[in-house]
Each structure stands twice: as C-alpha cells, then as structure tokens.
Amino acid sequence: MDGRTDVNKLDSAQLGVELGERATLVQFSSAFCQPCRATRRTLAEVVAMVDGVAHVEIDAEAHLTLVRALDISRTPTVLVLDASGRIVRRAVGQPRTVDVVAALGQAI
C-alpha cells in the first residue's frame, strides 16, 4: 500500500458522514463560490424527492488531500456515489435538477 486514496470509491470515514442507503451526492464547495449555494439548494431538493439519498457538502479548502486525490479543480464539483460509495458520475459547475436525478438513475 502506498497510502493513496482509492479515487474510484469513497467511504464514510473519508466523507465524515454515513453514506446514503441508495446513493450519496458529494458536493465540493468553497467559501466564496456563488454557484455552490445554488448547487446546495438543488441537491437538497433532489434528496427530498428521492428516498435513501444523502447529500454531503465538503469544504474543498479544508480537505485538500481529498481534493487532490480526486483531482477536483473547480467548485462546485458534484460526485454521485452508489450505495457502496463507488463514484458513478462527476459533474463540474452548477447542475440542473433533472441532470442530478438522471445521474442518480445510474447509481441506484
């Protein structure tokens, strides 16, 4: 083992919260990112609509090791994880609700 993060899968220890029962939306944000606020609202709406989906927002500046391991270069970046924590989709920029729901279709 070289100590590197498995960049194809994330777990609750890396995220600081439990994974969703069916899927998890991981949002990387930064303090002064305007689109991050809108993304937070969009993902909260989706979580309210789809049972078993969790949303976790990660401050990119406070988690630089994870940001580097995942090659996150802009905020917001959203990762869609399946129930086991495997990354199934990745989007950079502010997503539309319909796109998030479609991405969850691949994870669930």
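T42 has its place in helix α2, which spans residues 34-49, where helices (H or I, at least four residues) and strands (E, at least two) are DSSP runs numbered from the N terminus. The structure is a predicted model, in which local features need pLDDT of at least 70 and side-chain atom pairs count only at pLDDT 80 or more, whereas totals for chains, interfaces and linings use all residues. Residues are numbered from 1 along each chain as its sequence is written, and side-chain values use heavy atoms, with hydrogens and water left out.

With a relative accessible area of 10%, T42 is buried, a class that means under 20% relative accessible area, as against exposed for over 50% and partly exposed in between (1.4 Å probe, protein chains only). When its neighbours within four places in sequence are left aside, T42 is in contact with P95, R96, T97 and V100, contact being defined as heavy atoms within 4.5 Å. T39 also has its place in helix α2, and T39 counts as buried because its relative accessibility is 0%. Residues up to four places away in sequence not being counted, T39 touches Q27, P76, V78, G93, Q94 and P95.

The strands form an open sheet of 4 strands in the order β2-β1-β3-β4, with mixed pairing; two strands are taken to pair if DSSP finds at least two bridges between them. The edge strands, each of which pairs on one side only, are β2 (53-59) and β4 (87-92). Between neighbouring strands of this sheet the average turn is 15°, with direction ignored. In general, strands of a sheet pair through backbone hydrogen bonds, in either a parallel or an antiparallel manner. Strand β3 (residues 77-82) runs antiparallel to β4 and is joined to β4 by 5 bridges; within this pair, L81 has I87 in β4 as its bridge partner, and V80 is partnered by R89 of β4. The hairpin of β3 and β4 has 4 residues between the strands, and in this hairpin G85 takes a positive phi near 95°.

Two helices lie across strands of the sheet. Helix α2 lies across β1 (23-29), β2 and β3, and runs at about 170° to β1, whereas helix α4 (residues 97-107) lies across β1, β2, β3 and β4 and runs at about 30° to β3. For these angles, axes are lines fitted to C-alpha atoms, for helices over the stretch in contact, and the angles run from 0 to 180 degrees between N-to-C directions.

The largest pocket holds about 170 Å³ of space. Of the 13 residues lining this pocket, A91, P95, D99, V100 and A103 are the closest to its centre, and the elements that give two or more residues to the lining are β3, β4 and α4. On a 1 Å grid over the protein atoms alone, a pocket is an open set of points with protein on both sides within 12 Å along at least five of seven lines, and lining residues have an atom within 4 Å of a point. The lining divides into 8 nonpolar, 2 polar and 3 charged residues.

The loop between α3 (64-69) and β3 contains P76, which is joined to T75 by a cis peptide bond with omega of about -5°. D71 is found in the loop between α3 and β3 as well, and the phi of D71 is near 55°, a positive value in a residue other than glycine. Most residues other than glycine have a negative phi, and most peptide bonds are trans. D71 is exposed, with a relative accessible area of 59%.

In helix α3, V67 is buried, with a relative accessible area of 10%. V67 and F28, which are 39 residues apart in sequence, lie 8.2 Å apart in space from C-alpha to C-alpha, and V67 is in contact with F28, A60 and I72 once its neighbours within four places in sequence are left aside. In the loop between α2 and β2, G52 is partly exposed, its relative accessible area being 28%. The C-alpha atoms of G52 and T24, 28 residues apart along the chain, are separated by 8.5 Å.

Key:
1 Å grid on protein atoms, 1.4 Å probe; cavity = no way out; pocket = protein on both sides within 12 Å on 5 of 7 lines; lining within 4 Å. Points joined across faces, edges and corners; volume = space filled by probe spheres on them. Nonpolar A, V, L, I, M, F, W, Y, C, P; charged D, E, K, R; others polar.
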